[in-house]
Amino acid sequence: MEKSTHFVMQCVEKNKLDAGIDFVIQPIFDLSRFVCIGGEVLVRGTHRRHVVPPQLFISELEKTGGIVSMGDYIMAQAFRYIAIQTPEARVNQLFTFNISWVQLQDGGFATRALALLERFALSPRHIVFEVTDSDEPTDAVSQNLSALSDAGINLAWDGIDGMEKLQSRLALHVPDYVKLDRSCLTADRLDETFAMLEHLKPWDIDVIIEGIENYTHVSTMLRHGVQYGQGFLFSRPVSKEAFHQQYLQPARA
């Protein structure tokens, strides 16, 4: 796998992203109706027959800055994929993208993202940018977040796994969505999870919970006002082709 990871890194560094970068989609479900309402675009490295998981190269790309060009590439490829679906199939679908803090520190990020939306004639209301981490906000970060929000793109804080992190993220920016980490469903964390959900009630923020693996998870989250979820009860991440066949065919729209 080390050789494959090196290959992916080289593809990004040499701007040959189509040779080593691809994406899969993990469906997002409405917990009350068991209906797919969209999917999370997840980057994968590729080398020959190997799939290279993102944890092997994302942190390195954040250090080198390669995450910026790779993120732009994934956006363009995924927007093209969404654009070729029929309007009937995508009308009620949300597509979420993981956005690194390093990308937000790039002053031109929002401009490029909005230009891609216009290029593929996509509505921003179908797009959610999940910010995967945070640091001290710079002018570039604040300007990017404001520009994206003003244009109608949904913003989310991703990987929320405790009250302290939730409060610190809300202090930086009030999002449209909060994504709770799968660890929030473990038995020893449920009280804090319920406290976080109670804390969110004054805001108009939708919650997506990761790690739904059984019907108890579903019923517990529904009782506490969580409408959307991802997890192996519904589906593992699937290929673009499988997502199209299973969730974007007109008969299933």
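A residue is called buried when its relative accessible area is under 20%, exposed when over 50%, and partly exposed in between, using a 1.4 Å probe and protein chains only. By that scale Asp-72 is buried, with a relative accessible area of 18%. The model is a predicted one, in which local features need pLDDT of at least 70 and side-chain atom pairs count only at pLDDT 80 or more, while totals for chains, interfaces and linings use all residues. Residues are numbered from 1 along each chain as its sequence is written, and side-chain values use heavy atoms, with hydrogens and water left out.

Consider the overall build. The protein chain has twelve helices and nine strands; these are DSSP runs numbered from the N terminus, helices being H or I with at least four residues and strands E with at least two. The radius of gyration is 18 Å, close to the 18 Å that the globule rule gives for 253 residues, so the chain is as compact as a globular protein of that length. The radius is taken over C-alpha atoms, and the rule is 2.2 Å times the number of residues to the power 0.38. The C-alpha trace spans about 50 × 45 × 40 Å along its principal axes. Of the 253 residues, 51% are buried. Among contacts (heavy atoms within 4.5 Å) between residues at least 6 apart in sequence, 68% join residues at least 24 apart.

Next come the charge pairs. Side chains of opposite charge can pair when their charged atoms come close. A salt bridge here is a side-chain nitrogen of Lys or Arg within 4 Å of a carboxyl oxygen of Asp or Glu, and the whole structure has eleven of them. One joins Lys-240 to Asp-22, at 2.7 Å from N to O. This pair links distant parts of the chain, with Lys-240 in helix α12 (residues 240-247) and Asp-22 in strand β1 (residues 21-30), 218 residues apart. Lys-240 counts as buried at 16% relative accessibility, whereas Asp-22 is partly exposed at 31%.

Another salt bridge pairs Lys-179 with Glu-40, whose closest N and O atoms are 3.4 Å apart. Because Lys-179 lies in strand β7 (residues 177-180) and Glu-40 in strand β2 (residues 35-47), the pair ties together parts 139 residues apart in sequence. Both partners are buried: Lys-179 has a relative accessible area of 1%, and Glu-40 has 4%.

Asp-72 pairs with Arg-112, with the closest N and O atoms 2.6 Å apart. Arg-112 is partly exposed, at 27%. Elsewhere, shared partners join Glu-40, Glu-130, Lys-179 and Glu-210 into one salt-bridge network.

Which residues lie closest to the centre of the largest pocket? A pocket is an open set of points on a 1 Å grid over the protein atoms alone, with protein on both sides within 12 Å along at least five of seven lines; lining residues have an atom within 4 Å of a point. The largest pocket holds about 810 Å³ of space, a volume being the space filled by probe spheres set on points joined across faces, edges and corners. Of its 33 lining residues, the closest to the centre are Glu-40, Leu-42, Pro-54, Asn-98 and Thr-132.

Technical notes: On a 1 Å grid over the protein atoms alone, a cavity is a set of points where a 1.4 Å probe fits but cannot get out, and a pocket is an open set with protein on both sides within 12 Å along at least five of seven lines; lining residues have an atom within 4 Å of a point.
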